[in-house]
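Here are some exercises to work through with the model in view. Try each task on your own before you read its solution.

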2 protein chains.
Amino acid sequence: MILYFCQMNLPDESRVNNHCSIFEFEQSWFDLLKDDEKQLIEEHSVSLAFKKGETVCKQGAFASHIFFLEEGLVKVYLEERNNSLILTLSTNHSLLGLSSIFEGNNKLPYSISTYTDSKIRMIDIQMFKQLLKQNSDFSFRIINILNESTAQIYGRFFSLTQKQLHGRLADILLCMATRIFKSKTFELPLSRADLGDLTGMSTESVIRMMKEFKDDGLIDIQCKNVVLLDIARLERISNFG
Amino acid sequence: MILYFCQMNLPDESRVNNHCSIFEFEQSWFDLLKDDEKQLIEEHSVSLAFKKGETVCKQGAFASHIFFLEEGLVKVYLEERNNSLILTLSTNHSLLGLSSIFEGNNKLPYSISTYTDSKIRMIDIQMFKQLLKQNSDFSFRIINILNESTAQIYGRFFSLTQKQLHGRLADILLCMATRIFKSKTFELPLSRADLGDLTGMSTESVIRMMKEFKDDGLIDIQCKNVVLLDIARLERISNFG
DNA sequence: TATAAAAACTGACGAAAAGCAGTTAATTTA
DNA sequence: TAAATTAACTGCTTTTCGTCAGTTTTTATA
């Protein structure tokens, strides 16, 4: 039985929250700025259109912008030698690249690339820092955003280091359903290799585990189309590890 | 040959930085406060003495304080079921518990406990938030501190998920030498089990790897006393994975 | 629409690392 | 200072998971 665009009977966010890789802001930071500050942002930023699969910024490059994801889906990832680790997926209205606001080091700590066609506003980092220094309501909000993101990273850190493949895959599937697509049914924008980078496992293992989940009636997959069939059991797998 | 308190011929910080679990602030945040704000901090905080091994705060509890580690060595860690994962070790002058400055959630995201007798100033979190909202130089500095800590977590995240035991152990040993003890020779304050929680490996594996390193002439250990003998090779192991 | 290229998938194999059960050594504590 | 408890260590077994070497399917490109 495949449900299309089912009424969401989705897991309780607060429980999934912790092991989730997706990063979404409801908070509006822009509204905290004064009119002249808003204008400054507009003047010192441009909105660019990126195609699916394009690189937005490269780890190690000098940080020149803060990125505001107006629309799209992107991955934030570390790359070193042949290994790559996805830190978070980010959707609409995320503020990215905040980690480069660090006086000691002006290099980007991660790379960002798009999964779908995306619109990204690139905000001059010097100007952004200036606003942080002059508007404390704004910077307090940014601290909140940073802390939310840190909490997510902690959850993923725990998931990837303490759970085994079953748990990690369950985590990521639940996360996608609740956080990105807000539906039990969705079309995966990531390749199996990307799922591997996201869960810290090999591409082959991703495929094997997905097949196992399918055989067990937990999910249904046809290539990119995923349906979560038994969320309660997926949650148990996620919690059990 | 065992060197005691050798002149440090220690690895280049910038290279080790990334995979390091230790967290140390040179930056002074207190000086950015105005006199009356400093006074507020003093009035709304107490300095407590913790014995070795004591718990400072528990994950999941309501966050009521920011912790300033005036003296000592502590671990910041996640605990869930029987698993535990050390996020960072922190030494003198670290500001801890900043992650709980998050409007949406006032629960502590991690636990903290001491390795050595420690002096910790507990600062009322409401007052701390108040200062952040009114003093943007101060909150900008806090953003810097948060970002430094995030960068460290990323490095550890990468290390624990992409490297195997050799690399992870090398990472942590180099890190201790450069960051905590600032000497090739040091007395380990952590048990083998703690090293396991820090490197994401079992206690037995820690012991086995340490023995292997010893047999290979990389380090010398006698129970708690550690000497790094071949730092260049340890770095190669760290980089190679 | 044919061809090339990239993803998805499969099965066999082996390496890495955890778990177990027990011993020895080092600390506590009575 | 002896007994009890905890930590460190060892060898063996088992599990997990990655690697390799393919085939099949899908997608992109000429």
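**Exercise 1. The surface near DNA strand C**

Which element gives the most to the surface near DNA strand C, and with how many residues?

Solution. Remember as you go that you are looking at a predicted model.

Step 1. Start with the residues around DNA strand C: there are 14, and A:Ser191, A:Arg192, B:Gln164, B:Met201 and B:Ser205 come nearest.

Step 2. Next, look for elements that give two or more residues to this surface: they are helix H6 (192-199) and H7 of chain A, together with H7 of chain B.

Step 3. H7(A) gives the most, with three residues.

Step 4. Sorted by class, the surface near DNA strand C has six nonpolar, four polar and four charged residues.

**Exercise 2. Two chains and an axis**

What rotation superposes chain B on chain A, and which residue of chain B comes closest to the rotation axis?

Solution. 

Step 1. Chain B is superposed on chain A by a rotation of 180 degrees, with 0.0 Å of shift along the axis and an RMSD of 0.0 Å.

Step 2. The two copies are therefore related as by a two-fold rotation axis.

Step 3. Within chain B, B:Ser136 comes closest to this axis, its C-alpha lying at 2.2 Å.

Step 4. Both copies use the same surface, since 100% of the contact residues of chain B recur in chain A.

Now describe the side of chain B that touches chain A.

Step 5. Here 34 residues of chain B are in contact with 34 residues of chain A.

Step 6. Strand S5 (74-80), strand S6 (83-90), helix H3 (125-134) and helix H4 (136-162) of chain B each supply at least two residues of this side.

Step 7. H4(B) gives the most to it, with 19 residues.

Step 8. The classes on this side of chain B are 17 nonpolar, twelve polar and five charged residues.

**Exercise 3. Two domains in one chain**

Into which domains is chain A divided, and how far apart do their C-alpha centres lie?

Solution. 

Step 1. Chain A has domain 1 (22-157) and domain 2 (163-240).

Step 2. The C-alpha centres of these two domains of chain A lie 27 Å apart.

Step 3. Their contact takes eleven residues from domain 1 of chain A and nine residues from domain 2 of chain A.

Step 4. On the domain 1 side, strand S6 (residues 83-90) of chain A gives the most, with four residues.

Step 5. That side of domain 1 of chain A has seven nonpolar, three polar and one charged residues.

**Exercise 4. Inside the core**

Which residues touch the most other members of the largest nonpolar core?

Solution. 

Step 1. Nonpolar side chains tend to be buried together in soluble globular proteins.

Step 2. In this model the largest nonpolar core has 113 residues, and A:Ile143, A:Leu173, B:Ile143 and B:Leu173 touch the most other members.

Step 3. Take A:Leu173: leaving aside neighbours within four places in sequence, A:Leu173 is in contact with A:Ile219, A:Leu228 and A:Leu234.

**Exercise 5. Buried, partly exposed or exposed?**

Classify B:Met122, A:Arg81 and A:Lys182.

Solution. 

Step 1. The cut-offs are 20 or more other C-beta atoms within 10 Å for buried and 12 or fewer for exposed, with partly exposed in between.

Step 2. B:Met122, found in strand S9 (residues 118-124) of chain B, has 18 C-beta neighbours inside 10 Å, so B:Met122 counts as partly exposed.

Step 3. A:Arg81 lies in the loop between strand S5 (74-80) and S6 of chain A; with 9 other C-beta atoms within 10 Å, A:Arg81 is exposed.

Step 4. A:Lys182 lies in the loop between helix H5 (165-181) and strand S10 (185-187) of chain A; with 11 such atoms within 10 Å, A:Lys182 is exposed.

Methods: Residues numbered from 1 in each chain as written. Chains lettered and ligands numbered in written order. Predicted model: local features only at pLDDT ≥ 70, side-chain atom pairs only at ≥ 80, totals over all residues. Contact = placed C-beta atoms within 7 Å. Nonpolar A, V, L, I, M, F, W, Y, C, P; charged D, E, K, R; others polar. Least-squares fit on C-alpha atoms with pLDDT ≥ 70 in both. Core = buried A, V, L, I, M, F, W, Y, C linked by C-beta atoms within 7 Å. Near = placed C-beta within 6 Å. Domains from an automatic or database assignment.
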